[in-house]
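Subject: Structure handover

Hello,

Here is the structure I promised to pass on. Please open it first, then read my notes below.

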Amino acid sequence: MLKFIARRLISYAVMLFIAISGVYFLASSFLDPRSNYMAMRPRPPEASINASLNYAGINDHVPLIERYWTWLQNVVLHWNWGYSPLGESVNGEVWHRALVSVQLVLTATLLSIVIGVALGVFTATRKYSIFDRTMNLVSSFFLVIPTFVLALLVVLIYLWLSKTTGARWFAVTGIGDGGPLSYIQHLTLPTLVLTLVGYYGFHLTQRTYLLDNVGADYVRTARSKGIPQTVAIRRHALRTSMIPTAYGIAFTIAGMVTGTVFVEQIFAIHGAGLYFIETLSKNDINGAVAVAFLGGVATCAGLLLADIFVAFLDPRIRVS
């Protein structure tokens, strides 16, 4: 197993390096930091603009490959992800924003997985029952409703309830002052929104995968030996159906860092998703690449966890 994990780590590290290098070249090709200064009135002197861009390592007058090599050396040797066009440290912004995003969606992601998989298993074993049809309808509703619409709806319902009852249990902006109670008050509503937009995927896919495996030969063989249906499903069908779900979870983890733009915007939470939008609007090459790196790390970490989980479920992988 250790050799298996080591091989996976090496392959993911190589893929991440290639992907982030590609993002750097794309960002350098499409973003124009010089335009930030050209739009200023009065316009700064050309020498001042070049000095600022040189300081950030994003001067378009310098060959791209030379800029990339300098950037790569700073990242590898000093863990310095560079500066924005206005001289702000990317390190000082992106890691703080990433921590905020992780705090925001970690609970929501875990709840989405647990609720979604549990519902998928429960409804699959009660196929076409009233509960199954009802939950499929509810999940389909959350599937089609846009995230920002759901977030606004949750806020409006909460404000109406607060006005009606005269009680304010939660906050609708910010992430709190760091205390446990403040943390719960500020993150309950955005966590609810992210859970509602995340669980339905696990519910519907787990139900489909499990139904595909319930009628498989190995499950029928287990039933023919006298094993109860619930035991046969739990020991055999569920193990197999969890394999594709595990990889679906892996790609969902990337959303923990960069996929909460609308929720962060509506609830005024300054996380990595909102920071990514700001980097694009400000032509911040280094900031955009740093956020892409966070998303890549989250994806690779999720894939590694999925590989370990699948190896646990499938003995053939452990043997190979």
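Which element of the protein has the lowest mean pLDDT, and which has the highest? Helix H15 (residues 315-319) has the lowest, at 58. H4 has the highest, at 94. Keep in mind that this is a predicted model. Across the protein, pLDDT averages 85. A score of at least 70 is reached by 95% of the residues.

Now the inside. The largest nonpolar core has 52 residues. Inside this core, Trp71, Trp81, Val94, Ile285 and Val289 have the most contacts. Several helices supply at least two residues each, including H1 (2-30), H4 (64-78), H5 and H8 (180-214). H14 gives the most, with 13 residues.

Take a look at Trp81. Leaving out residues up to four places away in sequence, Trp81 touches Trp71, Val75, Val90, Asn91, Trp95, Asn286, Val289, Ala290 and Phe293.

Is Thr123 buried or exposed? Its relative accessibility is 0%, so Thr123 counts as buried; the cut-off for buried is under 20%. Neighbours within four places in sequence aside, Thr123 is in contact with Phe131, Asp132, Met135, His203 and Arg207.

Gln103 also lies in helix H5. Gln103 has a relative accessible area of 31%, so this residue is partly exposed. Ile175, Tyr183 and Leu187 touch Gln103, again not counting residues up to four places away in sequence. Leu210 is 107 residues from Gln103 along the chain. Their C-alpha atoms are separated by 32 Å.

How much space lies in the second largest pocket? About 200 Å³. The pocket is lined by 15 residues, and the closest to its centre are Ser84, Glu88, Glu278, Lys282 and Asp284. H5 and helix H13 (272-281) are the elements that give two or more residues to the lining. By type, the lining divides into five nonpolar, four polar and six charged residues.

Best wishes

How values were computed: Residues are numbered from 1 along each chain as its sequence is written. This is a predicted model: local features need pLDDT of at least 70, side-chain atom pairs count only at pLDDT 80 or more; totals for chains, interfaces and linings use all residues. Side-chain values use heavy atoms; hydrogens and water are left out. Buried means under 20% relative accessible area, exposed over 50%, partly exposed in between (1.4 Å probe, protein chains only). Contact means heavy atoms within 4.5 Å. On a 1 Å grid over the protein atoms alone, a cavity is a set of points where a 1.4 Å probe fits but cannot get out, and a pocket is an open set with protein on both sides within 12 Å along at least five of seven lines; lining residues have an atom within 4 Å of a point. Grid points are joined across faces, edges and corners, and a volume is the space filled by probe spheres set on the points. Helices (H or I, at least four residues) and strands (E, at least two) are DSSP runs, numbered from the N terminus. Ala, Val, Leu, Ile, Met, Phe, Trp, Tyr, Cys and Pro count as nonpolar, Asp, Glu, Lys and Arg as charged, and the others, Gly among them, as polar. A nonpolar core is a set of buried Ala, Val, Leu, Ile, Met, Phe, Trp, Tyr and Cys residues joined through side-chain atoms within 4.5 Å. pLDDT is the predictor's confidence in each residue, from 0 to 100.
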